[in-house]
Amino acid sequence: MTSGSFAGMAASSPATGSVTAIPRAAVRSQGSTAQLPKDHPLLTGLTADSALLNQYRGGRNSAGEITRPHRRPVWFMRQAGRSLPEYRALREGTTMLDSCLDPALASEITLQPVRRHDVDAAIFFSDIVIPLRLAGIDVEIQPGVGPVLGHPVRTRADVEALPTLDDAAFAPITEAVRRTVAELGSTPLIGFAGAPFTLAAYMVEGKPSRDHLGPRTMMHADPDTWNALAAWAAEVSGRFMRAQLMAGASAAQLFDSWAGSLGREDYARHVLRHSAEAFTHVKDLGGTTPEGHRVTAPLIHFGTGTGEILDLLRAAGADVVGVDYRLNLAEATRRVGAETPLQGNIDPALLPADWPVLEKHVRSIIAAGSGAAGHVLNLGHGVPPETDPEVLTRVVSLIHEIGYED
């Protein structure tokens with residue numbers, strides 16, 4: 001897709017007040033609402049009026065009426081993971097990517113934290129590099145290192161040699177999602193994918209990096225190759241999200257782990273259009289509930305260290321903006337507007353703290369988020385592996401006990 005596909009708009013930097021021209025992906029014409037399958041949990045009524053979706057819609061029910069949910073919704077990034085002893089036992093002897101592609105195993109891991117913590121959503125157990133593996137790219141997650149590619153992608157020839165991802169390759173993903181939603185009932189499943197910049201950053205560096213010099217250099221030194229690579233990443237990430245939503249996920253999150261390494265101008269000029277393209281694969285996916293209400297699957301955009309580009313994350317096409325632990329939610333609301341629902345942002349570093357300290361922190365997060373149209377509690381990043389799962393369960397109980405009048 002070319003930049004000519006977008007209408008232009010300007011955004012003011014929250015830090016400097018300078019104006020940056022950015023593509024208006026959020027208002028790109030999508031035509032009529034794309035249809036989810038009729039037996040989708042959103043359309044059968046199972047999840048359409050859940051607490052989670054109420055807040056993702058800005059405090060509205062499936063009919064569009066302003067309502068308050070029966071409890072405050074909360075879930076945790078990486079809630080299905082190494083903090084749970086049952087996860088460690090189930091994963092024993094299986095590599096990360098192999099476990100993601102075993103439908104029965106991936107489904108069970110997704111369900112574990114829902115059973116244990118009573119969270120208000122399941123997040124699909126997978127990894128952002130799974131689309132690479134499904135496309136036939138040599139990638140593994142090395143313990144203690146992270147994703148490592150056999151052959152980094154650094155030249156135009158490398159990009160042109162990238163394989164095409166066939167729809168049939170998503171079969172283990174869709175089977176795992178269907179298994180999971182069959183068990184979840186009225187609890188929504190959130191699908192996810194890595195954002196194009198983060199995915200492309202791994203592909204250029206060939207492994208995790210602290211400063212991401214490779215992709216940052218490429219976007220300036222060889223912008224044509226960068227745009228071709230980022231466009232490829234946007235397509236596979238978007239289709240990965242779409243496969244999860246069509247199979248039964250009720251929402252989807254685009255996760256940009258490394259966008260915080262970019263300056264505002266670089267993000268606006270070299271990345272935003274590609275994140276927007278990923279969202280076009282899932283924008284306006286929805287249908288009609290038994291009561292005749294038109295609903296769509298909400299889209300969340302989250303990145304770490306992205307406080308200075310929150311408005312750009314929203315402009316890429318998201319309905320909800322995730323905020324990491326570095327920025328107060330009241331300030332986040334000022335930057336993106338009170339009409340934008342927020343997700344976040346309990347600091348993971350406080351999870352081992354004495355309970356009175358952690359409780360005070362959680363209550364302060366709720367207060368700070370009260371100015372947004374909707375607020376889903378989450379961590380400001382993923383659950384650390386050493387976290388005591390009993391603490392997470394207690395945090396969930398506390399959040400559920402705090403009423404909207406408190």
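Mentor: Let's settle on Tyr 202, which counts as buried at 8% relative accessibility (buried is under 20%, exposed over 50%, partly exposed in between, with a 1.4 Å probe and protein chains only). The model is predicted, so local features need pLDDT of at least 70 and side-chain atom pairs 80 or more, while totals for chains, interfaces and linings use all residues. Numbering runs from 1 along each chain as its sequence is written, and side-chain values use heavy atoms, without hydrogens and water.

Start with the element around our residue. Tyr 202 lies in helix 9, residues 196–205 (helices are DSSP runs of H or I with at least four residues, strands runs of E with at least two, numbered from the N terminus). Helix 9 is mostly covered, with ten of its ten residues buried. Among them are Pro 196, Phe 197 and Thr 198, and also Met 203, Val 204 and Glu 205. With a relative accessible area of 3%, His 212 is buried.

Now look at the ring of Tyr 202. The count of aromatic pairs comes to five (ring centres of Phe, Tyr or the six-membered ring of Trp within 6.5 Å; planes under 30 degrees apart are stacked, over 60 edge-to-face, the rest tilted). Trp 258 sits in the loop between strand 8 and helix 12 (264–280), so the pair ties together parts that are 56 residues apart in sequence. While Tyr 202 is buried, Trp 258 counts as partly exposed at 27% relative accessibility.

Next, the UniProt record. An unreviewed entry lists Tyr 202 under "binding site", along with Arg 78, Gln 79, Ala 80, Gly 81, Arg 82, Asp 127, Ser 257 and His 381; such annotations may be inferred rather than shown by experiment. These residues spread over 304 residues of sequence and, in space, up to 23.3 Å between C-alpha atoms. The lining of the largest pocket takes in Tyr 202 together with Arg 78, Gln 79, Ala 80, Gly 81, Arg 82, Asp 127, Ser 257 and His 381 from this set. One of them, Gln 79, lies in the loop between helix 2 (51–56) and helix 3, and at 0% relative accessibility Gln 79 counts as buried.

The unreviewed entry also carries the annotation "domain: Uroporphyrinogen decarboxylase (URO-D)", covering residues 73–82 and 190–206. The span 73–82 is 0% helix and 0% strand, with its end C-alpha atoms 23 Å apart. Residues 190–206 are 59% helix and 29% strand, and their end C-alpha atoms lie 28 Å apart.

That brings us to the pocket itself. On a 1 Å grid over the protein atoms alone, a pocket is an open set of points with protein on both sides within 12 Å along at least five of seven lines, and lining residues have an atom within 4 Å of a point. The largest pocket has a volume of about 1,300 Å³, the space filled by probe spheres set on points joined across faces, edges and corners. Its lining has 44 residues, and Arg 78, Arg 82, Met 96, Asp 127 and Ile 141 lie nearest the centre. Helix 3 (85–91), strand 5 (139–142), strand 6 (146–149) and strand 8 (251–256) each give two or more residues to this lining. By class, the lining holds 21 nonpolar, 17 polar and six charged residues (Ala, Val, Leu, Ile, Met, Phe, Trp, Tyr, Cys and Pro are nonpolar; Asp, Glu, Lys and Arg charged; the others, Gly among them, polar).

Notes: 1 Å grid on protein atoms, 1.4 Å probe; cavity = no way out; pocket = protein on both sides within 12 Å on 5 of 7 lines; lining within 4 Å.
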